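Thanks for making the time this morning.

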Amino acid sequence: MDISRRDFMHIAAVLGLSAATAGNASPKTSSQISLKDIYAFNAKGNFTLLHMCDIHAHIKPLYWREPSTLLSAPNLTGTPGFLCGEAFAKHYGLEPSSLDAYFDTHVDFETLAKKFGKMGGIAHMKTYLEHVRKERGKENVLFLDSGDTWQGTGVALKTRGEAIVKAQNYLGVDVMTGHWEFTYGKQRVMELLKMLDAKFVAQNVVGNDPFADEYEELIFEPYTIEERGGAKIGIIGQAFPFTSTANPKEFTEGWSFGIRPDTLQDYVNELRKEHKVDCVVVISHDGFSVDQEVARMVHGIDFILSGHTHDPSPKPITVNGTVIVIAGSHGKYVGRLDIDAKDGKVLDYEYKLVPIASNMIPADPEGIALVNKLYAPFDKEFSEVLGTTKNTLYKRDTFFSTFDELINNAILDEMKCDMAFTPGYRWGTTVLAGEDILMENVYEMCGITYPNVYTFDLKGQQIANLLEDIADNVFNANPLYQQGGDMSRLGGVTYSIQVAGKAGKRISKLMIGGKAIDLKKTYVVSSWGGNLQNAGTNLQEKKIRAVYDVTRDYIKRQKVVDVSNAGNVTIVDYDCGCPVKGATSC
Amino acid sequence: MKRRDFFKHLGSAAVVAATVTPTMSFAAAKQANTISYKNALDAITGGKSAKTSKSVHLKVPEIAENGAVVPVTITVDSPMTDADYVKAIHILVSKNGNARCLDAHLTPANGKAMLATRVKLNGTQDVSAVIALSNGEFLIATQGVKVTIGGCG
């Protein structure tokens, strides 16, 4: 398992990036790292699983800055799933300023972005996939996708997912599961699945409409069995368990989700006893920390290829005999897992999280042509320059990030509301300081199928209760009660939070418009990307408008956007955003 | 397979449905249909303590998809013989106005101590299965259920 660490050292050495020389040596370009270093792998066993998750429709390379705050309950903070920055680098032994430090952490992001360039992109990813297929033999390789693939960019939104299905077919995805896929609605999901070459599996999506034929029946195949390298591999799908609460219910009306560990156990047993598979794999959208709980509850899973929480995890973790990996987000990585399995047993494995560094891994011309073709109808709209940004715009972090603040500012400005809610999901894009903000970037931040900004009334008491409710979804000490996202981003509001506080008692000093919240007062609230409007009254229908239009118009009015990373939240029980396990300061 | 299972469950639920006791008569306060968790538990056990037990399998989601219809399945390991059987399965919740959701009375003829139903939860709270055994003892299993408006994606 130390291979990736050795790789980092190697790359760092090639680059002359050790701390001692970084200061005086002239910065070397990424071209001096050989592809060999990225490709280096101690091949093992009879087959290879390649894995991606949460690419969020980023078929082109992008900048993506990892979080500088990733806090949870004290028992979880500093453990895999809640590691960031220096704590992450320490946990995984990353060399400062190395390619992996650039991919995996926010530290020195802007400097390293200039050095190493953009990340991901299907044309570059394909080159790596083909390298492995060639090395191992195509018939010994499976490419698995843990979902959140069809949604997240303008080209995905405008083609209602079709462009991304074409990208998956090009990449050669064999099996996938889903989450944001469902936000295109049930009917569209079924249409897209007909276009998709890969199989779609989910053991935890079950009909719950008593008047439908599919009542209490599985909506998708729960698993598939594939043969590679002479081994029978059972692959079970686990879709996002909280799709119907985290996203609008109407998209999946009549379908019930949930973790469903009991049926998961049944399928593991069925694969082992009836089908005599050599290896049981779960492709999962549970999230990294929930999957650690699933591995405690369900016995006999060899590998969980996790997704949803966007963690890059350079090393696998093992829980109750189950090895869990997760491959970051936005197409930044491909996970390579070589497995030696026969006679119903896994004997050995080797894993590496491979950074798709677009300046180092050459693009496949066919992929470039495909991307250009898919983007062509929208190029004019997407490439419009709306303005420039003074500071880096990014999305992530537990409480606040600059692109969210920009969106909240746009909403406050147009809607004339007292406060704004922007959802705490973990996908989007990064625009470096000084760069142009394109319309494409706005879609990358908020291109969803339910984009409306709603403006309505909420009582102070309701707002306070809502924030506590959301805080408990994020900070509950038991991952099974979390939903794997971050706090909603609030515009026009400041507050203090005790992350480790009791449910309902975490938030204090809640201020709206610079004044302490009046629990009895009625506030005008704007919100998008959630269900909050259902809790409000006096919905202002004339103001309803898509968030990407609101944001576009605001940036155009501003011309130069100046959002600082100061944040609006005071954390009472942590002094910094990325503490190591057990610490409250850095 | 799963569908058949479901009808099997439905069958056993139907058996007990006939004996479900309406809980309205327990409303002690002025407000109709209001009963606290403690009063409900005491009314069932007669003040005796209910023992937390691994033989009570309470299956309920950690996070409800819809608070109005939260699926609850209770199975009790019991031989269900004349000498040793589950007399009743009760579902209590900690915060609804009426904490006492359901009483199901069983006999050895039920063959299996199992019940599947849905309860309505007016917010995040605990759901408990209280089991009355034929020997006069009471068992309990409890799990928290989060009813949330949702927030993140």
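Before the first number, a term: the radius of gyration is taken here over C-alpha atoms, and the globule rule we compare it with is 2.2 Å times the number of residues to the power 0.38. Please keep in mind that what you see is a predicted model. For 586 residues that rule leads us to expect a radius of gyration near 25 Å if the globule is compact, and because chain A has 23 Å, the two agree. Along the principal axes, the C-alpha atoms of chain A fill a box of roughly 70 × 70 × 50 Å.

If we take the contacts in chain A with a separation of 6 or more, 76% of them come from residues 24 or more positions apart.

Chain A has 19 helices and 26 strands, and I will pick out one sheet. It is an open sheet of 6 strands in chain A, with mixed pairing and the order S4-S3-S2-S1-S13-S14. Its edge strands, S4 (199-200) and S14 (345-355) of chain A, each pair on one side only. At one end, strand S3 (residues 175-176) of chain A pairs with S4(A) in the parallel sense over 2 bridges, and A:Met176 has A:Phe200 in S4(A) as its bridge partner.

How values were computed:
Residues numbered from 1 in each chain as written. Chains lettered and ligands numbered in written order. Predicted model: local features only at pLDDT ≥ 70, side-chain atom pairs only at ≥ 80, totals over all residues. Heavy atoms only, no water. Helix = DSSP H or I, 4+ residues; strand = E, 2+ residues; numbered from the N terminus. Contact = heavy atoms within 4.5 Å. Pairing = 2+ DSSP bridges.
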